[in-house]
Amino acid sequence: MMSLENTPIIGIDWKFVGRDYLGFFPEHYPDLAFFKSDAFEHLRDELTNELPETCFERLSVFLAEYGYELWNIDTLGDEYRLLVAPSGQGETVCRAALNGIAAEWDDAEDIPDFGFERLAPLAKSMKPGRKQAVKAKLPPIATQDDWHRSYGGVWRPDVRQVFLDFENEAGEDVSGLVDLHTFPLTEVDATGFYDLQAAGHSFMPLYGIEGGQYWEWQKPQKRQKIYDDYRSCVALISDYNTPIVTEIPGSERRHGDNLGFTGFGQVLFQKVRADEAATWHNASALRIGRQPVTPEARASLLRFDGAQFQHIAELHAQAHLLPLDADKIAVFGAANPDESGHTAAVSYHLIDSRTGVVMGKGQLPFAQPTTLEGLFVLGGDDIVYVRTTQAAHPTHAALTEATGWLVRFNLRSGAWQQAKLEGLHDDYTVNMALLRHQPPDKHRIRSFQGGLSIERGHDDWCILNYITSYAGRHDLAWLWNTVDDEIVRLLPEDFPRREPSVHWNPALGRYVADESCRLSLLPPFEELRQRRASHRLVWGNIEAPKTVTGWLAAGIRKLTGRRA
């Protein structure tokens, strides 16, 4: 039996989900054996992505079966101070905890009037003699884990070598250049590269090509007051042991002038701040869209094919670049609302990157600020992107639900069709009661509130990673066959207490799951396919572009009821 005076308190933020704090209970209450049971581990898995209110209800029911209650020290803020007390002794335990807080307060006259409350006292307990049904758990999907210390994940599909902090076989914390196309991650023999770093050089990976990798290279320089005043250049490194660092002529510029890199095959594209004095500047370069009013919003599109930078076009700094192949790039205008709040459909230009000639232009079919999310090249002139629509919630006027749509669009013909991302959404419950002591007013929300990143998988497959910060249930990622539209769903249950993103490693011929501090190797694809029942994307009819002819045909149909 634990001492009432020393009852541990677990502090959590109101935004925490189950995986953020349920693991603290076995650590803070080591004498309570039920926190080490399989039943509690199963509860942790179920509540891994649930908000505190849902966790408190389920946890209260669990504790009641063992003669305990869940209480909270109310500190008048947005945080909870949780403690576990024997049934009927909650108030006594909380008062003892408050006395301990008061004893540590510096000014005895300024001690706040904290209170306490029992959490979820009305949660329905299990009926006597009825056992909770526990679903059979699938074996862990990850076949092998590799730990490192790269916050936010390490995998990048467009590079092969990255500089990473990790733990070696002796348990020592070390840093090194690692090859992402190996598993476990292996360190590259890079003596010369490390010597440059020790001398004050810094490198950031940009884009990998056959025979090397482009890096942003910052040479040793005097300390600057403003970060953007530091200068860097683009370098190609193909031998890290020597190392052979080839600086790209004309690539040196201030940090604030680098606006983005992308590439296709052996070609690197760069968007930089416009600079008429630069050696690469071409006064006759193509001008795309309305010219920005302020100099900060003016940008230039450059192409580097291994020989020299070529100035392709002048554009807006917020324009989005999408290479369709090494010689063709699509430039999308910024999807910003005007002064009245109206957002026009995003315009685009299809450009021959070798000659700077416009091959086609038009507008995307929907006018929403989220239009450019998930922009991805399917092949040829076909792209896909994600859009969302909003609808009123069926049970509460103050709530809305969003639906995600995958739009397939041809940049040449303007034809498009869309498929509803059925099932790809956050599923959670929200309590609309304004005050804590009001009766609950709960409503279920199923809404596409996250983001979607799309990247290449194996063969004709693509990966759709659903990225969300909302609590509740949701699909983690979809593997989509772009030919027959089969969908293989990967769920959070496949990765207990984790929220990784899924990527294709072409060197291994396997999918990997990347999470902060952990990279996991997944089973062969066919094994993944067999774990989950698949479904298919359902596309709507192919819509023709809205040209003048199209509008006339639609008018004739409306007037006569016949096809034009």
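The model is predicted, so local features need pLDDT of at least 70, side-chain atom pairs count only at pLDDT 80 or more, and totals for chains, interfaces and linings use all residues. Residues are numbered from 1 along each chain as its sequence is written, and side-chain values use heavy atoms, with hydrogens and water left out.

Let me begin with the sheets. Strands are DSSP runs of E with at least two residues, numbered from the N terminus, and two strands pair if DSSP finds at least two bridges between them. In general, strands of a sheet pair through backbone hydrogen bonds, either parallel or antiparallel.

Which residue of strand 31 stands opposite leucine 464? That residue is tryptophan 478.

Another open sheet has 4 strands, ordered 5-35-34-33, again with antiparallel pairing. Strand 5 (144–147) and strand 33 (501–505) are the edge strands, each pairing on one side only. From one strand to the next, the twist averages 25 degrees; axes here are lines fitted to C-alpha atoms, and angles run from 0 to 180 degrees between N-to-C directions. Strand 33 and strand 34 (residues 510–515) run antiparallel and are joined by 5 bridges. Histidine 503 has valine 512, in strand 34, as its bridge partner.

I turn now to the aromatic rings. The structure holds 30 aromatic pairs, where rings of Phe, Tyr and Trp (its six-membered ring) pair if their centres lie within 6.5 Å, and planes under 30 degrees apart count as stacked, over 60 as edge-to-face and the rest as tilted. Phenylalanine 25 and tyrosine 29 are stacked, at 6.4 Å centre to centre with 15 degrees between the planes. Tyrosine 29 also forms a tilted pair with phenylalanine 35, at 6.1 Å and 45 degrees. Phenylalanine 25 and tyrosine 29 are both buried (under 20% relative accessible area, with a 1.4 Å probe and protein chains only), and phenylalanine 35 is buried as well.

Finally, a charge sits over a ring if NZ of Lys or CZ of Arg is within 6 Å of the ring centre and within 35 degrees of the ring normal. Arginine 387 lies over the face of phenylalanine 366, 3.6 Å from the ring centre. The charged end of arginine 253 sits over the ring of phenylalanine 309, at 5.9 Å from its centre.

Note on methods: Buried means under 20% relative accessible area, exposed over 50%, partly exposed in between (1.4 Å probe, protein chains only).
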